[in-house]
Amino acid sequence: MSRNLRPTVSDIRAMKARGQKISMLYVTTPDEAAAADAAGIHMLSIESRFFSSQMREAAGRCFVQVGLPYGPTGTFEGRPLATAEDYLRAAFHYGAMGGDCYYCAASLDIQKTLCDNHVPIVAHVGLIPSYITWTGFRAVGKKADEAFAVWNHVKQLEAIGCFGAELEVVPDRIAEFMSKNTSMIMLGMGAGAYADAQYLFAEDVLGY
């Protein structure tokens, strides 16, 4: 990969295959994005409401995950994001602005439609905030049956072609097993040291 080009999906996958940890940061401003680029951060997470051409330019060589909103507050161009077509339209819009992959916590059929259209998707497993009524705010996967359910979810996402998944609040041993046994990029959020990347927030890193 040229030093002047930002990573591609293929490059990020190659990093995982080499056992190389991926640095990742959630940012909300162009100044934070530019600072991350200067620091050599590999991957940024930017919610769609903060993403713009200015943000993409500031992010420089960083690989950018654009978050597509889900749930009652999820809208695009003033309309709710409800169908696969809605999500596909939003992904193509942000792709034209320079997004490299897209966070999507919608249903498997919507995620599959995006994957079938070659849109790199990062899904969500474990503690999923938009599904929180099913689990409560707690670690998910501490018992064998629940850990197996999380693993089954990972395999379903892998089967439909997802690029990665945010792996949130699962025991570190479960995160290690999943990260080592899936081709997807696993972005750890409170999941111990063994995920492919640690999903960090600029607010924490900068001590806001």
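**Charged pairs in the helices**

I began with helix H7, where Glu-176 and Lys-180 both sit, four residues apart, or about one turn of the helix. I am working from a predicted model. The side chains of Glu-176 and Lys-180 form a salt bridge, 3.0 Å from N to O. I looked up the exposure of each partner. Glu-176 is partly exposed, at 22% relative accessible area. Lys-180 counts as exposed, at 63%.

Why can residues with this spacing meet? An α-helix has 3.6 residues a turn, so residues three or four places apart point the same way. Side chains of opposite charge can then pair when their charged atoms come close.

Arg-89 is partly exposed, with a relative accessible area of 29%. Glu-85 is exposed, at 57%.

**A pair across the chain**

Next I checked Arg-61. It forms a salt bridge with Asp-37, and the closest N and O atoms are 3.7 Å apart. This pair links distant parts of the chain, 24 residues apart. Arg-61 is in the loop between helix H3 (53-59) and S3, while Asp-37 is in helix H2 (residues 30-39).

Is Asp-37 buried or exposed? The cut-off for buried is under 20% relative accessible area. Asp-37 has 16% relative accessibility, so it counts as buried. Arg-61 is partly exposed, with 40% relative accessible area. I then noted the total: the count comes to twelve salt bridges.

**The barrel**

I turned to the strands. In what order do the eight strands close into a barrel? I read the order as S1-S2-S3-S6-S7-S8-S9-S10, and the pairing is parallel. The twist averages 30° from one strand to the next.

I looked at two of the pairings. S1 and strand S10 (residues 197-201) pair in the parallel sense over five bridges. Tyr-26 has Phe-201 in S10 as its bridge partner. S9 and S10 are also parallel, over two bridges. Here Gly-188 stands opposite Gln-198 in S10. For background, I noted that strands of a sheet pair through backbone hydrogen bonds, either parallel or antiparallel.

**Helix H1**

Which residues of helix H1 (residues 9-17) are buried? They are Ile-12, Met-15 and Lys-16. Seen down the axis of H1, these buried residues fall within an arc of 100°, so they line one face of the helix. The face turned away from the buried side carries the exposed residues Ser-10 and Ala-17.

I then asked what covers the buried residues of H1. The cover includes strand S1 (22-26), strand S3 (63-67), helix H7 (172-180) and strand S9 (185-189). Just after H1, Gly-19 takes a positive phi of about 80°.

**Helix H6**

My last stop was helix H6 (residues 144-160). H6 lies across strand S7 (121-126), strand S8 (164-168) and S9, and runs at about 170° to S7.

I checked its length. At 1.5 Å a residue, the 17 residues of H6 should span 24 Å. The end C-alpha atoms are 25 Å apart, which agrees.

Which residues of H6 are buried? I listed Ala-147, Val-150, Trp-151, Val-154, Leu-157 and Ile-160. The buried residues of H6 pack against helix H5 (108-116), S7, S8, H7 and S9. Just after H6, Gly-161 has a positive phi of about 105°.

Conventions:
Residues numbered from 1 in each chain as written. Predicted model: local features only at pLDDT ≥ 70, side-chain atom pairs only at ≥ 80, totals over all residues. Heavy atoms only, no water. Buried < 20%, exposed > 50% of the residue type's maximum accessible area, 1.4 Å probe, protein only. Arc of directions from axis to C-beta. Contact = heavy atoms within 4.5 Å. Pairing = 2+ DSSP bridges. Axes fitted to C-alpha atoms, helices over the stretch in contact; angles between N-to-C directions. Expected span 1.5 Å × (residues − 1). Salt bridge = Lys/Arg side-chain N within 4 Å of Asp/Glu carboxyl O.
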